Amino acid sequence: FFPRAVTLLDPKKTAGERVSGLCFLDDVVEYGGAAALPYAEILLPACINYCKDEDEDVRQSACYGIGVMAQVCGEKFQQSVPAMLQLMTEIIEAPDSRDETNEAATDNAISAVGKMIRYQNAIKLSPDLLSTWIGWLPILGDEIESKIVISNLLFFLT
């Protein structure tokens with residue numbers, strides 16, 4: 001089943017198929033523990049590729065995957081943090097980032113940055129990153145992700 005799921009990441013697949021492939025790998029990496037960490041090597045380039053996809057659900061799933069890897073991949077993700085911070089910032093600060101068709105991806109990009117601050121010590125790359133992240137709040141389009149963002153905000157405030 002796994003090799004078939006990875007084929008869904010092919011750019012020639014439909015947006016729905018790419019979302020399915022991304023969500024499958026997001027979940028494998030998020031819930032699979034240490035045994036699933038090697039799959040992040042497949043997920044990361046797919047997320048980078050699809051964070052700016054034309055389809056809003058593909059973008060959202062890709063940004064979510066960046067956050068998953070920031071949270072669970074530990075040192076394996078550390079070298080990717082500078083580039084992922086730049087990519088997420090570009091998404092968040094795009095002029096149309098709060099438009100309805102971009103809101104879910106933007107919310108997940110904001111959440112991913114929060115996870116990089118919390119789990120990857122990204123604050124050492126930019127001392128102002130936490131205040132910048134707080135300035136991007138609130139997130140309103142993705143209720144599930146907003147709970148994670150609020151949890152991270154409370155963590156930072158305590």
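Author: This is a predicted model. Start with N121, which is partly exposed, at a relative accessible area of 41%.

Reader: Why is N121 called partly exposed?

Author: Buried means under 20% and exposed means over 50%. N121 has 41%, which lies in between, so N121 is partly exposed. N121 sits in the loop between α7 and α8.

Reader: What is the phi of N121?

Author: Phi of N121 is near 55°. That is a positive value in a residue other than glycine.

Reader: Is K115 buried or exposed, and how do you know?

Author: K115 has a relative accessible area of 1%. The cut-off for buried is under 20%, so K115 is buried. K115 belongs to helix α7.

Reader: Which residues does K115 touch, apart from its neighbours within four places in sequence?

Author: The contacts of K115 include Y64, G67, V68, A70 and Q71. Also among them are E145, I148 and N152.

Reader: At what angle do α7 and α9 pack?

Author: The angle is about 30°, and the axes are 10 Å apart. Helix α7 covers residues 103-120 and helix α9 covers residues 143-157.

Reader: What makes α7 roughly parallel to α9?

Author: Angles under 35 degrees count as roughly parallel. The angle here is about 30°, so α7 is roughly parallel to α9. Their crossing is left-handed.

Reader: Which residues make the contact?

Author: From α7, they include D107, S111, K115 and Y119. From α9, they include E145, I148, N152 and F156. By class, the contact has six nonpolar, five polar and four charged residues.

Reader: How do you know whether C47 is buried or exposed?

Author: C47 has a relative accessible area of 0%. Buried means under 20%, so C47 is buried. C47 is part of helix α3, residues 40-50.

Reader: What does C47 touch, leaving aside its neighbours within four places in sequence?

Author: C47 is in contact with L22, D26, A62, G65, I66 and M69.

Reader: Where is P138, and what is the peptide bond from L137 to P138?

Author: P138 is in the loop between α8 and α9. The bond from L137 to P138 is cis, with omega near 5°.

Note on methods: Residues numbered from 1 in each chain as written. Predicted model: local features only at pLDDT ≥ 70, side-chain atom pairs only at ≥ 80, totals over all residues. Heavy atoms only, no water. Axes fitted to C-alpha atoms, helices over the stretch in contact; angles between N-to-C directions. Helix = DSSP H or I, 4+ residues; strand = E, 2+ residues; numbered from the N terminus. Parallel < 35°, antiparallel > 145°, perpendicular 65-115°, else oblique. Left-handed = near helix turned anticlockwise from the far one by under 90°. Contact = heavy atoms within 4.5 Å. Nonpolar A, V, L, I, M, F, W, Y, C, P; charged D, E, K, R; others polar. Buried < 20%, exposed > 50% of the residue type's maximum accessible area, 1.4 Å probe, protein only.
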